[in-house]
Amino acid sequence: MLDLQRLRALHAVSVHGTVGAAAAALGFTPSAVSQQIAKLERETRTVLLEREGRGVRLTDEAWQLVDAAAQLLTIVERAETRLEERRGVPSGRLTIAAFASAARGLLPSVLADLAVRHPALDARLTEVDPHLSVDLVAKGAVDLVVAHDWDIAPLPAPGGVEQAPIGEDLCDLLVPEGHRLAGRTAVRRAELGGERWICQPPGRVCHDWLMRTLRGAGHEPDIVHQADENPTLVALVAAGLGVALIPRLGRGPLPAGVVEVALDPMPVRRLYALWRTGAARRPAIAETVRTLRTHWPTVAARGTPAPQAVGSA
């Protein structure tokens, strides 16, 4: 008989791409995951993973087992959901994936609240890019996702995945002190031509939004510096190296040398919670979504800038 935990390990490697990433998602060490798959290979007398460069490749036989594992894990999830629903209280393990600024600015207070009110619930957080996290929840690799999209780039929700809005995160133009726009109360997008931009790398939601927005206003963006984390982008602005569009969530206080200017119209990114349809009745999902939405107004208020002196419009 095939062992479910070993099938789960193989399924995780298929979803995350590497043994190390699968181990991190499962909360194990890479050696533990490798051992599980090695035992599964001995049980099935089949080679499941092959070395490919510095990584691994799943064999055709492994993909057949992955398909079976996905079906079995869906059945197990359904049974666990029914048991939790009968108990009527959030319980068991709940894996959550969230993008960086939500993991920093929203999830700590939410997770702390859940831990106090629902001690039987074991909620665990992983930081994941929004584009990747939606696929992870669809494949059953995580239970709940906190993701975002922009007003001009909606987030696609695959079949079998439900979503609920959490709130709207506003975005500001950050410029170095002494910049030509630093004294303005508001700036239109058509005025942003000729700037040196600091943003996230291509493929990230924020980068794609910036490119579409500026091109829509008739400007070809001059991207001079790229970094993954918003604090790094802010530090580059503080050094006088360019301007950036940074959302407020998880941004923290601005350092000296950085001035916040509102855009007109103001960019908005929308936050969502997503989960698989089969888990929609699970109390842990419902309570976590409710807690996210309850905490959002307080978190959003913390990101509201203090009033500044009125400059020229």
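What follows is a short chat about this model.

Me: What am I looking at, and how are residues numbered?
Reply: This is a predicted model, where local features need pLDDT of at least 70, side-chain atom pairs count only at pLDDT 80 or more, and totals for chains, interfaces and linings use all residues. Residues are numbered from 1 along each chain as its sequence is written, and side-chain values use heavy atoms, with hydrogens and water left out.

Me: Which residues touch the most other members in the largest nonpolar core?
Reply: Leu106, Leu107, Leu144, Val146, Ile166, Leu249 and Leu292, out of 26 residues in that core. A nonpolar core here is a set of buried Ala, Val, Leu, Ile, Met, Phe, Trp, Tyr and Cys residues joined through side-chain atoms within 4.5 Å. Buried means under 20% relative accessible area, exposed over 50%, and partly exposed in between, with a 1.4 Å probe and protein chains only.

Me: Which elements give two or more residues to this core?
Reply: Strand 3 (92-98), helix 5 (100-105), helix 6 (107-117), strand 5 (144-150), strand 6 (161-176), strand 12 (268-276) and helix 10 (283-302). Helix 10 has the largest share, 6 residues. Helices (H or I, at least four residues) and strands (E, at least two) are DSSP runs, numbered from the N terminus.

Me: What does Leu106 touch?
Reply: Not counting residues up to four places away in sequence, Leu106 touches Ser101, Ile166, Leu249, Leu271, Leu292, His295, Trp296 and Val299. Contact means heavy atoms within 4.5 Å.

Me: Switching to strands. In which sense does strand 6 pair with strand 12?
Reply: Antiparallel, over 9 bridges. Val161 has Arg276 in strand 12 as its bridge partner. Two strands count as paired if DSSP finds at least two bridges between them.

Me: What about strand 6 with strand 10 and strand 11?
Reply: Strand 6 pairs with strand 10 (residues 244-247) in the antiparallel sense over 4 bridges, and Asp172 stands opposite Ile246 there.

Me: Pockets next. How much space lies in the largest pocket?
Reply: About 1,100 Å³. On a 1 Å grid over the protein atoms alone, a pocket is an open set of points with protein on both sides within 12 Å along at least five of seven lines, a cavity is a set where a 1.4 Å probe fits but cannot get out, and lining residues have an atom within 4 Å of a point. Points are joined across faces, edges and corners, and a volume is the space filled by probe spheres set on the points.

Me: Which residues lie nearest the pocket's centre?
Reply: Arg8, Thr95, Gly140, Ala141 and Asp143, out of 45 lining residues. Helix 4 gives the most to that lining, with 11 residues.

Me: How many cavities of 30 Å³ or more?
Reply: The search of the whole structure finds 1, and about 80 Å³ of space lies in the largest cavity. Its lining residues include Trp150, Cys199, Trp209 and Ile246. Helix 8 (205-216) is one of the elements that supply at least two, and has the largest share at 3 residues.
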